[in-house]
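I opened the file to note confidence, fold and packing, chain by chain. The entries below follow the order in which I looked things up.

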Amino acid sequence: MANTRGDPEPRRHLLVYAVAGVTYIGAGIAEKAILNWVMGPLWLLLVMAAALRLMRRRDTGSAEKAEKAEKAEKADSEPIVPPDAPAEKAGRAP
Amino acid sequence: MSWAAHQFETYAIQAHLPKRWQLKVSYLAIVLGDQLPDFIAKFWVYGFSVNGHHYGAKVPQQFHRGWPGAGFSHSLFLGFILVGIWLWRTHDRPWSRQWAAGFLLGFAAHCVTDINDSVGTMLLFPFSTANFSIGTWAYAATVKGGKYLDAAAYYSSFGLVMDLFWLGVVLCSWRVLTRHHWRTQVVASDPRAWAWLGRRMSEPMLLAVYRVTFFYGVCRIVAWTFWAHVLTGKEHPWGLHWGGPDFVTLVHLSQLPVWLVLLTAAAVLSGVCYLVDRIITGGQPQPADRELVST
């Protein structure tokens, strides 16, 4: 088994536990009926699943954005060849 | 009855497994064994109402912990029977012993923890139907009060201290909650079950499954204590003394001397540990024992 001591868990994952806990406690105080064995565990798992999906979408979105930006940057840096200079482009000798 | 203590004791067991048992006890089985007694009995203890008619146990404490009733669900006898059937049916499977050992540890922890309320558990059932209790707090499940009065009473008594004690035990061994421990100890001791779950979930979700009972335990302590002492505090005064709180009637099924209860609980736990060791090792000497024999 790989040593994971030097591979800390992402902080945003730990934050999800805190968010799930605070919202469950708040909701549970407001509506005591949800303070039970089924809803408690389910709450954490649903919040975690939703958060992971959001994170993935955000990561994919930002990766796509980064890719687009990179492409645009590349396109900007490429020399614009004027259409009326085919000979120069072909490297014809003077 | 105990509330969040049952959620925390599973991690406490996992964190403090003796070296020779490490990687040989399934954590999922500990949880299953620890939750099963209340899963069998508790629903009917509180009951439910339909159109003003209450369906449930007429005498909750008798049904929950007594005989006749479902009190056998909190006796080690049921744990031994279930583990016996399990080993008989699955003895040729590689994960059979891990699950049997974990289940028995979790089940025993639940039965022994519940001797703290005034009703206690039938530790020696079926040889004796006496309930072993040290009466640290009042058993408070009643037909009229239901779950809410039970929660208020528990979190106004030494029950809260008990929950906080177990929370402290887990926090003192906080590494048990880390991804590293989960990967190297929990998954490694029960790879098939986690692999089966892993085909359906990502690793962060699997970790959430592992930590979910801790999460639920912490949330229920905070939520019920807040409700009982901030929102409805006047109705539920603190009763931090032996057998408290005072706003519920103290009920018993048997009254045995405390020393006898503690002695029996210690004997029962020692017996369980011996059995778990036999299950894990199969009666074969372990590497450490072999070294001792050879020297």
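**Entry 1: confidence in chain A.** I began with the pLDDT of chain A, which averages 81, with 73% of the residues at 70 or more. Which helix of chain A has the lowest confidence, and which the highest? The lowest is H3 (residues 86–90) of chain A, with a mean of 50, and the highest is H1(A), at 95. I then checked residues 88–94 of chain A, where the pLDDT is below 50. Beyond near neighbours in sequence, that stretch has two contacts in the model. Where pLDDT is low, the predicted coordinates should not be read in detail. I took no further notes on that stretch.

**Entry 2: confidence elsewhere.** For chain B I found a mean pLDDT of 93, with 96% of its residues reaching 70 or more. For the model I noted an ipTM of 0.90 and a pTM of 0.88.

**Entry 3: chain A, fold.** I counted three helices and zero strands in chain A. Along the sequence the pattern reads α-α-α. Of the 94 residues in chain A, 12% are buried.

**Entry 4: where the chains touch.** How many residues of chain A are in contact with chain B? I get 21 residues of chain A, against 22 residues of chain B. On the chain A side, H1 (11–30) and H2 (39–77) each supply at least two of the residues that touch chain B. H1(A) gives the largest share of that side, eight residues. By type, I sorted the chain A side into 13 nonpolar, five polar and three charged residues.

**Entry 5: chain B, fold and overall shape.** I listed 12 helices and two strands for chain B. From the N terminus the order is α-α-β-β-α-α-α-α-α-α-α-α-α-α. The C-alpha atoms of chain B fill a box of roughly 65 × 45 × 40 Å along the principal axes. I compared the radius of gyration with the globule rule: a compact globule of 295 residues would have a value near 19 Å, and chain B has 20 Å, which agrees. Of the 295 residues of chain B, 46% count as buried. Among contacts in chain B with a separation of 6 or more, 72% join residues 24 or more positions apart.

**Entry 6: the nonpolar core.** Which residues have the most contacts inside the largest nonpolar core? They are B:Phe8, B:Leu104, B:Leu105, B:Ala108 and B:Phe215, in a core of 93 residues. Helix H10 (residues 203–231) of chain B supplies the largest share of this core, 14 residues. I followed up B:Leu105. Leaving out residues up to four places away in sequence, B:Leu105 touches B:Ile13, B:Val25, B:Ile30, B:Gly33 and B:Val276.

**Entry 7: H5(B).** Is this helix mostly covered or mostly open? It is mostly covered, as 17 of the 18 residues of H5(B) are buried. I also checked its span: at 1.5 Å a residue the 18 residues of H5(B) should reach 26 Å, and the end C-alpha atoms are 26 Å apart, so the two agree.

**Entry 8: H11(B).** Helix H11 (residues 258–281) of chain B has 24 residues and reaches 34 Å from its first C-alpha to its last, close to the 34 Å expected. Its buried residues are B:Val261, B:Ala265, B:Val268, B:Val272, B:Val276, B:Ile279 and B:Ile280. I looked at the spacing in that list with the helix repeat in mind. An α-helix has 3.6 residues a turn, so residues three or four places apart point the same way. H4 and H5 (96–113) of chain B are among what covers the buried residues of H11(B). Just after H11(B), B:Gly282 takes a positive phi of about 65°.

Entry 9: B:Leu87 lies in helix H4 (residues 76–90) of chain B. Why does B:Leu87 count as partly exposed? It has 14 C-beta neighbours inside 10 Å, and a buried residue needs 20 or more. Not counting residues up to four places away, B:Leu87 touches B:Ser96 and B:Ala100. B:Leu87 and B:Gln98 are 11 residues apart in sequence and 10 Å apart in space, C-alpha to C-alpha.

B:Phe165 sits in helix H7 (residues 158–172) of chain B. With 13 C-beta neighbours inside 10 Å, B:Phe165 also counts as partly exposed. B:Phe165 and B:Ala5 are 160 residues apart in sequence, yet their C-alpha atoms are 8.2 Å apart in space.

Note on methods. Residues numbered from 1 in each chain as written. Chains lettered and ligands numbered in written order. Predicted model: local features only at pLDDT ≥ 70, side-chain atom pairs only at ≥ 80, totals over all residues. Helix = DSSP H or I, 4+ residues; strand = E, 2+ residues; numbered from the N terminus. Contact = placed C-beta atoms within 7 Å. Nonpolar A, V, L, I, M, F, W, Y, C, P; charged D, E, K, R; others polar. pLDDT = per-residue confidence, 0-100. Core = buried A, V, L, I, M, F, W, Y, C linked by C-beta atoms within 7 Å. Expected span 1.5 Å × (residues − 1). Rg over C-alpha atoms; globule rule 2.2 N^0.38 Å.
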